[in-house]
Amino acid sequence: PVFVKRAKTARDNNRDLGLCRVLLAELERHQDAWPFLTPVSQKSVPGYRKVIKKPMDFSTIREKLVNSQYQNLETFIIDVNLVYDNCEKFNEDNSEIGRAGHNMRKFFEKRWTELLKQ
Ligand SMILES: Cc1ncccc1N[C@@H](C)c1cnc2ccsc2c1
C-alpha cells in the first residue's frame, strides 16, 4: 500500500572524520584561503563583530576538529559554509576578499561532492 515507508538507507559515516581532515587541509593550502586562515580581528576590521554575529575561520575549524567538537560531517560543513556566508555578507562580490570567498566556496563544493561520491 502507498503508505508503506521505504527503509532509509543510512550512509556509512565511518570515513567522515578522515574526509573532514582531508577537506580542511585542502582549504588551508588553497591560494585564495588567505582571508580565512585566522579570525577577523575587531582591531584590524572595525565593525566586523557588529555585522557578523557568528564569526568563523579555518583555524577555528581546525581547533574544533582537533578537539573532536564536530559530531558529524554535517556540523563541519555548516561551519565551513559559515566562513563563506560571513564573507558574502561583509564583502562586495567585486572585491579581493569577496572574490576569494566565492572561489573557496566553489572549490569546497566541488571537492566534497567528489569525495562523497567515491
Ligand atoms: C574574511 C574577511 N572578511 C572581512 C574582512 C576581513 C577578512 N579577513 C581578514 C583576515 C583580513 C583582515 N585585514 C585585511 C586587510 C587587507 S585584506 C584583510 C583580510
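User: Where is V4 found?

Analyst: V4 is in the segment before α1 (16–28). Helices here are DSSP runs of H or I with at least four residues, strands are runs of E with at least two, and both are numbered from the N terminus.

User: Is V4 buried or exposed?

Analyst: Exposed: V4 has a relative accessible area of 54%. The cut-offs are under 20% for buried, over 50% for exposed and partly exposed in between, with a 1.4 Å probe and protein chains only.

User: Before we go on, what kind of model is this?

Analyst: It's a predicted model, where local features need pLDDT of at least 70 and side-chain atom pairs pLDDT 80 or more, while totals for chains, interfaces and linings use all residues. Residues are numbered from 1 along each chain as its sequence is written, and side-chain values use heavy atoms, leaving out hydrogens and water.

User: OK, how many helices and strands are there?

Analyst: The protein chain has 5 helices and 0 strands, running α-α-α-α-α from the N terminus on.

User: And what box do the C-alpha atoms fill?

Analyst: Roughly 60 × 30 × 25 Å, taken along the principal axes.

User: How much of the chain is buried?

Analyst: Of the 118 residues in the protein chain, 32% are buried.

User: What about contacts between residues 24 or more positions apart?

Analyst: Those make up 64% of the contacts in the protein chain with a separation of 6 or more. Contact means heavy atoms within 4.5 Å.
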